[in-house]
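Here's a quick tour of some strands and aromatic rings. Have the coordinates open as you read.

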Amino acid sequence: FKNKSRSEIEQILNGVLSSTEDEQLRKAWYEYKYNAMTGYAEKIEKSVHDINPGCRIGICTSAKRCQDFSGRDPSEWIRCFNTEQAPVFVRLCGECYDDSMWHLCQSTGWSQYTDHCYPEKTEKIVEVTSVPAITYRSPGAVMFEASLLIAATANSTIHWAWPEEFERTGLCDMVSHSREYISNISATITDKPQSPLCIYADSNLGPYTPINISIPYGATHDPVNAYNIISLLGLPVIITPAIPRNQSAIMCSSYISREMIENIDEYVSNGGFAILDAKAAQCYKSYGGKISFDIQGPVSLNRYEILPNGDKCEIIADCPPDSVYYINADNSEYDCRAFDVNGSSAGCTTLVLTSGKGKLAVLGYDLSRTGQVLLCGQWRRRILELLDFAGVKMPVFWQGPTGVQCFYYGDKTALANYNLNGVEGELIKGGKALKVKLANLSLKVL
């Protein structure tokens with residue numbers, strides 16, 4: 001940072017990257033921070049194991065954005081603390097500290113994500129937090145979250161934070177009452193969920209994510225929002241730090257890195273189907289993505305869209321004014337077109353481009369900004385039709401009121417109802433419909 005002013009350094013470290021030079025400086029800064037932390041961690045490990053070689057060290061995984069902004073790659077901490085005589089164990093992170101539907105669903109996503117960040121054979125514990133000093137949580141929602149995390153990770157070892165508070169919050173009775181129910185779910189769900197659609201978010205995105213200290217965790221955008229939207233529409237989805245082998249479709253949301261873009265281009269070229277939301281698409285353009293398109297916005301005063309099949313969709317009118325973008329490209333095979341409040345054609349909001357053996361879809365929606373506006377049956381149909389256009393078939397999905405999450409295991413399916421009321425709908429599997437009733441805040445394995 002020699003010869004840089006304070007304002008220039010602030011922009012380089014915290015702002016949206018605007019040049020290759022700034023990108024390299026920020027990456028070097030994160031590497032410097034990380035090297036200092038790993039050096040300190042290695043000293044801790046040596047001090048502990050010099051005294052007691054059998055003492056195991058546990059890693060309490062923090063929120064992804066805390067990991068990103070500190071420069072920590074979760075899997076690298078295994079290397080710092082693990083020994084053959086004293087294997088490391090880890091507590092995963094869910095980030096749910098209230099009864100919000102959005103945060104409960106987020107907990108399944110982040111728990112699943114951090115589970116994938118660590119080697120498969122690592123001993124892992126899921127997080128369920130109920131601490132009055134943080135916020136109020138109802139015992140029923142806490143136990144619902146426990147069942148959700150088993151469904152999301154196939155891991156039944158739970159870190160209850162904090163047991164000393166159970167009597168104050170009424171959890172003692174609820175845990176005892178729910179023990180058989182939770183045990184049955186654990187015995188039934190022994191495999192991790194799967195899906196042809198994966199949210200892909202690298203495990204170390206700090207250098208590519210601007211920091212805003214005025215909001216929680218310092219990030220205006222978060223890829224887990226895309227996971228929440230797809231999940232609460234009743235479509236099975238997984239979230240991982242790398243593209244799984246033989247994955248049919250991936251979706252990227254929020255800020256993405258140059259390395260991710262290189263992986264996306266290779267994935268598409270080899271026959272995969274990748275979907276970018278508006279913010280990811282802007283990053284793709286900035287960091288040298290090979291597939292050509294233009295994106296502009298955000299744009300407001302949108303009234304409706306005309307979909308490829310001719311249907312009219314008015315969801316766009318309810319989206320925040322900073323969440324919609326227009327895309328333009330030659331040779332698009334699939335277009336959704338927005339019309340403004342005057343009924344005039346305004347721009348393209350979804351397109352699909354072929355590259356190599358695969359396809360890239362660009363959504364003119366910033367999914368971190370749209371949030372829960374998209375939780376409706378019409379948006380579910382739009383995602384299914386977009387996947388179908390690329391030849392990607394959902395093996396199973398929920399057809400009914402939104403707020404129901406679908407976990408798919410091949411031979412089994414689990415449905416989780418986040419609504420405060422019971423719901424009725426259909427589980428569509430292999431073209432057949434099974435009528436299902438779900439109680440409020442419950443998980444059912446079928």
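Strand S16 and strand S19 (residues 423–429) pair in the antiparallel sense over four bridges. Two strands count as paired if DSSP finds at least two bridges between them, and strands are DSSP E runs of at least two residues, helices H or I runs of at least four, numbered from the N terminus. Across this pairing, Trp-398 stands opposite Leu-427 in S19. The open sheet runs S16-S19-S20, with antiparallel pairing. S16 (396–399) and S20 (432–438) are the edges with a single partner strand each, so one side of each has no neighbour in the sheet.

A word on the source: this is a predicted model, where local features need pLDDT of at least 70, side-chain atom pairs count only at pLDDT 80 or more, and totals for chains, interfaces and linings use all residues. Residues are numbered from 1 along each chain as its sequence is written, and side-chain values use heavy atoms, leaving out hydrogens and water.

Now the rings. The structure holds eleven aromatic pairs (Phe, Tyr or six-membered Trp ring centres within 6.5 Å; planes under 30 degrees apart are stacked, over 60 edge-to-face, the rest tilted). Here are two of them:

| Pair | Centres | Planes | Type |
|---|---|---|---|
| Trp-77 and Phe-81 | 5.8 Å | 25° | stacked |
| Tyr-334 and Phe-389 | 4.9 Å | 55° | tilted |

Tyr-334 sits in the loop between S12 (326–328) and S13 (335–340), and Phe-389 in helix H13 (residues 377–389), 55 residues apart. Tyr-334 is buried at 9% relative accessible area, while Phe-389 is partly exposed at 33% (buried is under 20%, exposed over 50%, partly exposed in between, with a 1.4 Å probe and protein chains only).
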